[in-house]
Amino acid sequence: MKITVIGSGYVGLVTGACLADLGNDVFCLDVDQKKVDLLNDGSIPIYEPGLDELIARNRVAGRIHFSSNVEAAVAHGDIQFIAVGTPPDEDGSADLQYVLLAARNIGRHMKSFKVIVNKSTVPVGTADQVKIAIAEELNKVNRSLDFSVVSNPEFLKEGAAIEDFMHPDRIIVGTYNDQAGYKAKELMSKIYAPFNRHHERTYYIDVRSAELTKYAANAMLATRISFMNELANLADHVGADIERVRQGIGSDSRIGHSFLYAGTGYGGSCFPKDVQALIRTSSQYGQDLKILQAVELANELQKSVLIHKVTKHYGNDLTGKTFAIWGLSFKPNTNDMREAPSRVIISELIKRGAKVQAYDPVAMEEAQHCFALDFQSSREELGRITGGESMYSVLKGANALIIVTEWKEFRSPNIEVLKTELADPVIFDGRNLYEPKEMSASGFEYYAIGRRAD
Ligand SMILES: NC(=O)c1ccc[n+]([C@@H]2O[C@H](COP(=O)([O-])OP(=O)(O)OC[C@H]3O[C@@H](n4cnc5c(N)ncnc54)[C@H](O)[C@@H]3O)[C@@H](O)[C@H]2O)c1
């Protein structure tokens, strides 16, 4: 099938590459010419395991190409996937300007029936807005053409995006209940047929339920994380071990083990903005989701939990102290730094006068751009952050190690090297990677989240 994917970010690139790999003829559009040039030079603008090979293979086979030519993109696909960003607006609602611009471009240039598929995460009612935008553009150019808008939210996880896209738990397809909608449903079922060979994974539902399902999924997962973070903070006070509690409740099949790890708060490009957007939608309809307000507040507070442990140990003034940081991306296997807890933690350390020596296996370059932005008002503060080449090189002379992201390589470190390189044997572990008793027996002062050595 001929498919256009609008937006070549995390979702657009993965969607385009995976659909090309299934034999489709995919046109990836992006307005960012630099990104398009990079892709056409054979580079990938993001770090996502396996994506470079997938794109290279399909480029050689002639099944995927990249361009900024809007007219050609609209002409190419009978199906137009919209996968552009929906960042938070000032009031927390989803900013739909990129989605609506993409829709208007389709309306302006389309010359035949099109199915417009919304893969971006958008509030309930957006498909209606997309429909209106396209109809207005068609009107302006005096063309009367049929089209249908579909809501097909994406559930992939950065770091495992290809696996998630190729082996989805479910595919949600929301269509309108009219002639064009039936035609759209037929085309969507053809696109997704390869995913349903083993058993049917696609749920065909109405557009509004599809739009809400995406927010409901992310809000539920964020809720589990905030719940565990609050329990961990309580465990710290009552002398319980949150890891034992996690295992104890996770083994209940009604609860399950996923998303029960206590840590430094959720980050990334999705949970924070999607929770905020759903809160905003609920208040617009006078149906405040009180539980989500608490989830968001708990998460904000959680980002400072490690800092509280640091200041309890060293006092508020950290002048003259140096901290080694392991992990900068918001989670392992990605270089995505959007809303990463590391940014809050580092900014708090710097504000209190400390120096930071940071290491991340893949996010160093991205982190440099982010810190340049975060500290644009003070070159002196920015100058107190340095990056290291390896997890051990940043330990040299540091007063403590702070673990922020649970990359695999941090799980079994060489304890002897840790001890000799750190100036003081102190570890603040925001991901509960080690056994507190073992760390204590090895001579470390070890602070975790909801766990203690005694
Ligand atoms: N990143 C994730 O893990 C994830 C998972 C599921 C859903 N989503 C949702 O998918 C959407 C995209 O997220 P992302 O992380 O891929 O975003 P992103 O910021 O990485 O990429 C968006 C891309 O769209 C391009 N763009 C913007 N306007 C355009 C236009 N009019 N025409 C063509 N290109 C345009 C931008 O230049 C950018 O390259 C968001 O709504 C997000 O919430 C993201």
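**Entry 1: around the ligand.** I looked up which residues come nearest to the ligand, and among the 26 around it they are Gly7, Gly9, Val11, Ser120 and Thr121. A residue counts as near a molecule if its C-beta atom, placed from the backbone, lies within 6 Å of it. I keep in mind that this is a predicted model, where local features need pLDDT of at least 70, side-chain atom pairs count only at pLDDT 80 or more, and totals for chains, interfaces and linings use all residues. Residues are numbered from 1 along each chain as its sequence is written.

By class, I find twelve nonpolar, nine polar and five charged residues in this shell. Here Ala, Val, Leu, Ile, Met, Phe, Trp, Tyr, Cys and Pro are nonpolar, Asp, Glu, Lys and Arg are charged, and the others, Gly among them, are polar. Helix 1 (10–21) and helix 5 (97–109) each give the shell at least two residues. Helices are DSSP runs (H or I, at least four residues), numbered from the N terminus.

**Entry 2: two domains.** I checked the domain assignment, which gives domain 1 (2–205) and domain 2 (230–447); such bounds come from an automatic or database assignment. Their C-alpha centres lie 34 Å apart. I see 16 residues of domain 1 in contact with 15 of domain 2, contact being C-beta atoms, placed from the backbone, within 7 Å. On the domain 1 side, the touching residues are nine nonpolar, four polar and three charged.

**Entry 3: Glu300.** I found Glu300 in helix 12 (residues 290–302). Is Glu300 buried, exposed or partly exposed? Glu300 is partly exposed, because 13 other C-beta atoms lie within 10 Å (20 or more would be buried, 12 or fewer exposed, with C-beta atoms placed from the backbone). Gly265 is 35 residues away along the chain, yet the C-alpha atoms of Glu300 and Gly265 are separated by 7.3 Å.

Methods. Two residues are in contact if their C-beta atoms, placed from the backbone, lie within 7 Å.
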